[in-house]
Every structure is written in structure tokens, then in C-alpha cells.
Amino acid sequence: MIAIKILQADDVEQYREVRLDALSRSSEAFGATYEEEAERDIEATRSRLQSLPHQFVLGAYDQEQLIGVVGFKQEQGVKFRHKGFIWGMYVKPEHRSQGVGRQLLHEAIRLAGLIEGLEQINLSVVTSNNAKALYESFGFTSYGLERKAMKQNGTYYDEELMKLTLPIRRM
Ligand SMILES: CC(C)(COP(=O)(O)OP(=O)(O)OC[C@H]1O[C@@H](n2cnc3c(N)ncnc32)[C@H](O)[C@@H]1OP(=O)(O)O)[C@@H](O)C(=O)NCCC(=O)NCCS
């Protein structure tokens, strides 16, 4: 039985361990590198876990063990805050293909949908990544392609830009 929870500042050590696991074992899927994250001040990481109305990081727990994460952040500029983005989606390899990623994404979209004024969730995914099928199954559609979005060790990676339009809530 998997439980999905909003991570809090106190969860920073466990979160950091999973985030570093993500960047070492799935480095091609993410914009940040293992080295950047390893050198990052723990307080900066802790501040990401400050669960505010406009941002949160969700954790998937198998018993006490954190096995997956996903982040969401609403844009803050006046002209941009109808939008937010999903980032840092990761499930540890030994727990994949059991619906954990689906549960994380479902809860992230549900919570984002409660934010007043939020109309659209964006994300980007490396074109060769099979996570694209997961996003499409939630209704995300592609609105663009950024060629050479990332470069690592001389290799370029294209990114698909995807969006999900949320139903407008009547107050
Ligand atoms: C993407 C990821 C989070 C999915 O997590 P997961 O727990 O395995 O996902 P689920 O079990 O909920 O699977 C959901 C869908 O993802 C796709 N998927 C998951 N694992 C897959 C695999 N090994 N091969 C092909 N498709 C796969 C399928 O479309 C699946 O749909 P289905 O359940 O109808 O078959 C996980 O594979 C991961 O951490 N990958 C590395 C990091 C990454 O790519 N993150 C996304 C960055 S944009």
C-alpha cells in the first residue's frame, strides 16, 4: 500500500537521498546534475519543501520508505500565475511499473487544481523518455519542441513541452 504525502521541511534528508538517486540513476531525464544537487546547500533544499499554497513536493511512501517524488510550483508573476509546472518526477527503479508514478501525478494535479486561479500545468520531458505516455494518459498534450534543450557530455537532448488545461473553477 503506497501513501502519498506532501513533504515537509523535516523530510529534507530523505528527500535529498531520493533526489540524488534520481540524478545519478536517471541523469538524462533531468535538467539538474548530481554534482549540482550534491553541492546544494541543505537549507536551499529544505526551502523547496516549504509547502506553501503555491508550491509543494509530494512523496510516495512504501511503509516508512520514500520511494518516489514529484514537485509542483505555481508561477509567481502577475501575468504568469494562471500557470504552474510539474518538475522532478521520479520513482526509484525497483518500485516502477506498479502505478506509483501515476498516483503521484494524480495527486499533484488534484492539489494544483485547488489553487485559486490556476488554469494550466506545464512540464517538459526529454523526447526519448517513456514518461511522455504517462503524461498523455492524464490529458497532457504537446505544444512545442525545444531542440537541443539540454547538453551533457557533448550530447544534446530535445525536450517536448507539454501542458494540461484545468477546468476553470467557479467560485
Ligand atoms: C516516469 C516514472 C516516474 C514513472 O513511474 P512509475 O511508477 O514506473 O509509473 P507507473 O507505474 O505509474 O506507470 C505509468 C505509465 O508510465 C509508463 N511506464 C512506466 N514504466 C514504464 C516502462 N518501464 N516502460 C514503458 N513505459 C512505462 C507507462 O505508460 C505506464 O502506463 P501503464 O500503467 O498504463 O502501463 C519513472 O519511470 C521514473 O522515475 N523514470 C525516471 C525519471 C523520469 O524519467 N522522470 C520524468 C521526468 S519528465
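A polar contact here is a pair of N or O atoms within 3.5 Å; within protein, one must be able to donate a hydrogen and the other to accept it, and residues adjacent in sequence count only if both atoms are side-chain atoms. Keep in mind that this is a predicted model: local features need pLDDT of at least 70, side-chain atom pairs count only at pLDDT 80 or more, and totals for chains, interfaces and linings use all residues. Residues are numbered from 1 along each chain as its sequence is written, and side-chain values use heavy atoms, with hydrogens and water left out.

Now to the ligand. One of its oxygen atoms is 2.8 Å from a polar backbone atom of R102, and V91 also has a polar backbone atom 2.8 Å from a ligand oxygen. At M89, a backbone N or O atom lies 2.7 Å from a ligand nitrogen. On its own the ligand has 910 Å² of accessible area (Shrake-Rupley method, 1.4 Å probe), and the protein covers 72% of that.

Who else is around? The shell holds 21 residues, each with a heavy atom within 4 Å of the ligand, and M89, S97, G99, G101 and N129 come nearest.
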